[in-house]
Amino acid sequence: MAEYMEFRSRGPMRLLTPHLRLKSIYDLPIPWLKERHVRAILTDLDNTLVPWRDYRVAAELAAWFKTLHSEGFRTVILSNARPSPTIQKMSQELETELVVGARKPIQRFFRQALERVSASPSEACVIGDQVFTDVLGGNLMGCYTVLVDRIGTREFIGTRIMRVFERRVLKNLDRFVVKPGDPE
Ligand SMILES: [Mg+2]
């Protein structure tokens with residue numbers, strides 16, 4: 001079973017708390033998703049699936065998408081990156097839907113992505129490496145949210161600034177960890 005940390009928070013931190021925290025997308029626990037009747041995956045692109053702006057498809061990544069699709073999940077890449085032929089080609093190779101040029105956490109773009117995979121918010125899981133775009137946006141929408149460690153250290157300057165605030169949020173997450181046997 002893949003390793004993950006599960007959180008349940010209340011109060012003002014709720015919107016910034018992911019349901020799960022993983023090292024990487026490859027730790028995504030499929031049984032956990034199925035128990036919650038999740039059937040669509042909305043995933044971030046840069047530093048979640050690939051290093052920042054490096055849009056080559058690794059065999060492992062292609063296999064991950066294949067597994068998700070064969071398990072019955074529909075997938076869509078939801079990214080703030082500007083539309084480009086390289087990203088387009090990548091999504092075709094991965095046989096996944098694509099929403100680029102988004103401005104997460106704005107809800108409109110999450111709605112667009114959900115439409116692409118014909119899922120309601122509660123049937124969808126948002127995966128990403130950033131609290132203030134991926135996790136916040138997904139939680140506002142009412143989706144499950146999964147925070148992964150970023151793949152590389154290179155990123156957009158605006159993102160680097162937000163990481164300062166993000167570190168503060170993450171430091172406080174520990175007290176919301178769900179332990180085995182905790183009541184629902
Ligand atoms: Mg990212």
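The largest nonpolar core comprises 40 residues, with Leu42, Leu78, Ala113, Ala124, Cys125 and Val146 having the most contacts inside it. A nonpolar core is here a set of buried Ala, Val, Leu, Ile, Met, Phe, Trp, Tyr and Cys residues joined through C-beta atoms within 7 Å. A residue counts as buried if 20 or more other C-beta atoms lie within 10 Å of its own, as exposed if 12 or fewer do, and as partly exposed in between, with C-beta atoms placed from the backbone. At least two residues of this core are supplied by each of S3, helix H2 (59-70), S4, helix H3 (85-93), H4, S6, H5 and strand S7 (144-148). Helices (H or I, at least four residues) and strands (E, at least two) are DSSP runs, numbered from the N terminus.

The model is predicted: local features need pLDDT of at least 70, side-chain atom pairs count only at pLDDT 80 or more, and totals for chains, interfaces and linings use all residues. Residues are numbered from 1 along each chain as its sequence is written.

The chain contains 6 helices and 7 strands, arranged along the sequence as β-β-α-β-α-β-α-β-α-β-α-β-α. Its radius of gyration is 15 Å, close to the 16 Å that the globule rule gives for 184 residues, so the chain is as compact as a globular protein of that length; the radius is taken over C-alpha atoms, and the rule is 2.2 Å times the number of residues to the power 0.38. Buried residues make up 36% of the 184 residues.

An open sheet of 7 strands runs in the order S1-S2-S7-S6-S3-S4-S5 with mixed pairing, two strands being paired if DSSP finds at least two bridges between them. Strand S1 (5-6) and S5 are the edge strands, each pairing on one side only. S1 pairs with strand S2 (residues 20-22) in the antiparallel sense over 2 bridges, and Met5 has Arg21 of S2 as its bridge partner.

Helix H4 (residues 107-116) has Phe109, Phe110, Ala113 and Leu114 as its buried residues. These residues cover an arc of only 140° around the axis, which puts them on the same side of H4; the arc is that of the directions from the helix axis to the C-beta atoms. The face turned away from the buried side of H4 carries the exposed residues Arg108 and Glu115. Just after H4, Ser118 takes a positive phi of about 45°.

Leaving aside neighbours within four places in sequence, Ala124 is in contact with Val38, Ala40, Leu42, Leu114, Ala119 and Cys143, contact requiring C-beta atoms, placed from the backbone, within 7 Å.

Notes:
Contact = placed C-beta atoms within 7 Å.
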